[in-house]
Structure formats: structure tokens, C-alpha cells
Amino acid sequence: MELMGQSVKHKVFGKGVVTEQEKHVVTVTFSQGEKRFLYPDAFEKFLTLSDEAAAEGIDAVLQEREEEQKAELQALLEEQERQQKIHNFKVSVNSQAAIALEVENQDTLQTWQVSTGTYLSGCAKGEPRIPEKMKPNSACVLTYREGGTPEAERKIVGVFMVPEDFFGDECTDGVIAAHPQYRLAIQPGQEPLFWEYFGENGNKPRWGNTDLKYCSNHAVQRLLFDLLEQRKETEDAEMMENFYSYFCSQNKLQGPPQEWK
């Protein structure tokens, strides 16, 4: 706000005129000489503008600054709360996700975003499915089954970790973005079969109608270990080693069992 030439009154120095204005400082000339004040802070307690319109303008500036400060404080408190939540989250045994890419998720390996689909029944029918079991330790196993082929031939075409601050209960739009570092697209012809890792006690493979299924931490660990073994002599070896180590660390898992080696 432009204040040059405005008449002001100070509680101690009396009447004066604004003779210089910088971004955060105003200079006021009184009969005793020049005094410098913080802008707009001084207008809260020490300085009063004589012009009514100018005074209303300063009030608006002060109000806007107060709202900005409140917003900054609220953002700081929310970030502190979020960091505390990240620090304190507890690992559950089935916080990993498997996603079917057959329909709406076809471009996931290009965008590295995946949809959880929608609720099929209940009061939330048609709304995005909230992946409430997922936390910063979660991976998304991306699966695909060619139309007309048996469910047993469902393939794993990619896998990624969620971002480090991801909490599924906050994902109200049902869209999960991949971690910028820990993600892998599996080359055609090298895709493992999904049910070899995530089969249920030898039962007939059945996916169901939803896009998202939850699966165990140990099953995903086994998958990542095998992918790591497959890539030991490739350019992906270091990335896969980091991926595997990160997954185990986030899920508080020890090294692979001896029988995997």
C-alpha cells in the first residue's frame, strides 16, 4: 500500500509524515527528526493514519497478514502432525495392494498412477474406493490378464512403492501415485505369474470384481527378492537392490529366508 506523504500520529512522537517507504520499513519525519518503523507492524500499536481511507486500507493489509500468518501456522501444525504420523505408523501384515489393470488402469506404466476403482455396493456405491489399509510401507503390485485367458494366467507387469508420506485413509479420490524412485515396469516376456505368489492355499485362482486386493507383506517380499535375483546382471540391479532394501526396511522385515537363496 502506498503511504508516501500520509500524515500519521505516534503515541510518543506526536504528528509526522511518511517520507520514505520500503517493503518492510517506513520512515516518518517528526518535529524531532526521522524515525523508522516496521511495516505494517507499527500500524497495529504505534502509528495511526489521519486519512480515513488510508486507515481502512492499512486495516485491510493487517487483516490479510493476520490471515496469512494463521494459515502458515496451521500448515506448520499439520506438517508436524503428519511427520509424527509417519514416524509412529504401525506395520500390519496385509498392507500391500494388488491392482488389476485390465480396464481403467491401462496407462499406469506410463503415468505411474493407478486407480483403486469404485465401491460396488453400499451407501458409497460408485464412489472411489479408499485404500484405507495402505500406509508408507505399502507396495502396489500391478497385474494384467489378457481377455479370454484363464485367471491362472494373470501376470505381474510392474510394482511400485507408495510415496513416503502416503496414508490410504487420506486417499479420497482413489488415485495412488508411485514413489518417484522405487518403481519397476517388467519387460514383456519376463512377467511372473501373479497366483504363484499370491495364491490362497491352492484354491482355484479367483480375482473377483474389484480392482484392488490386499495381500501380505511376505508375499511381496518374495516377489521383490525374485525380481532382484533376476536382475543381478542387468542395468536395473542397483535400483532393484535399493527397492528391495527399502521395502524390507519400511515393513520391518529381516533378510530373505535361507530357502529363497
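**From the loop to the rings**

Modeller: Let's start with Q181, which lies in the loop between β10 (175-177) and β11 (183-185); helices (H or I, at least four residues) and strands (E, at least two) are DSSP runs, numbered from the N terminus. Bear in mind this is a predicted model, where local features need pLDDT of at least 70, side-chain atom pairs count only at pLDDT 80 or more, and totals for chains, interfaces and linings use all residues. Residues are numbered from 1 along each chain as its sequence is written, and side-chain values use heavy atoms, with hydrogens and water left out.

Q181 is partly exposed, because its relative accessibility is 42% (buried is under 20%, exposed over 50%, partly exposed in between, with a 1.4 Å probe and protein chains only). Its C-alpha is 9.9 Å from that of V162, 19 residues away in sequence.

Now the rings. Phe, Tyr and Trp (its six-membered ring) pair if their centres lie within 6.5 Å, with planes under 30 degrees apart called stacked, over 60 edge-to-face and the rest tilted. That rule gives eleven aromatic pairs. Y197 and F198 have ring centres 6.4 Å apart and planes at 50 degrees, so they're tilted.

Lastly, helix α5 (residues 217-230) is mostly covered, with ten of its 14 residues buried, including F225 and D226.
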